[in-house]
Amino acid sequence: MNIPFLGNKSKERRAAVLAEDPEGIAELLSECEVLRSHAAREGIGLDDSADSLEALDQLPPRWREDEENLPWFGHDAGLYLGTVVVRTVPGAAWVIRPGGEAVVRLTSGREIDVVAAGFEWAATGTPELSQLYAEVAEH
């Protein structure tokens, strides 16, 4: 994810913005409007829990019928996965890479490209979001 208001600033400034307001950045990344709207229409409340990832995995993949919307849906699915990880896995945090891409860093130092994972899940259904979460949560 490229965050436009951070993208034109130096690497040091982006890091400073994240350090100054990590909760604000986390809140911005958790919006996921396309995904949340679709889930709500399907009767699923996204409460930023691992259980909600399992519920998303069970949805019929109707979003794949809309090629124009598919990238947005995948993007949001990845950001939502990252939101759940950051809010539930101790020490996990959002990191904005120099190009503006948002990833999740675990305490081990491992970085998870959740947006790429969301695109893959939206396009193919595998790996499941809940499976990815389980893998990340146990490390």
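## Surroundings of T83

T83 is in contact (heavy atoms within 4.5 Å) with L29, S30, D48 and W94, leaving aside neighbours within four places in sequence. T83 belongs to helix α6, residues 70-88; helices are DSSP runs of H or I with at least four residues, strands are runs of E with at least two, and both are numbered from the N terminus. T83 counts as buried because its relative accessibility is 2%, where buried means under 20% relative accessible area, exposed over 50% and partly exposed in between, with a 1.4 Å probe and protein chains only.

## Basis of the model

This is a predicted model in which local features need pLDDT of at least 70 and side-chain atom pairs count only at pLDDT 80 or more, while totals for chains, interfaces and linings use all residues. Residues are numbered from 1 along each chain as its sequence is written, and side-chain values use heavy atoms, with hydrogens and water left out.

## The open sheet

Three strands form an open sheet in the order β1-β2-β3, with antiparallel pairing; strands pair if DSSP finds at least two bridges between them. β1 (93-96) and β3 (111-112) each have a single partner strand, so one side of each lacks a neighbour in the sheet. Between β1 and β2 (residues 102-105) there are 4 bridges.

## Helix α8 and S130

S130 lies in helix α8, residues 129-137, and is buried, with a relative accessible area of 17%. Not counting residues up to four places away in sequence, S130 touches L53, E54 and D57.
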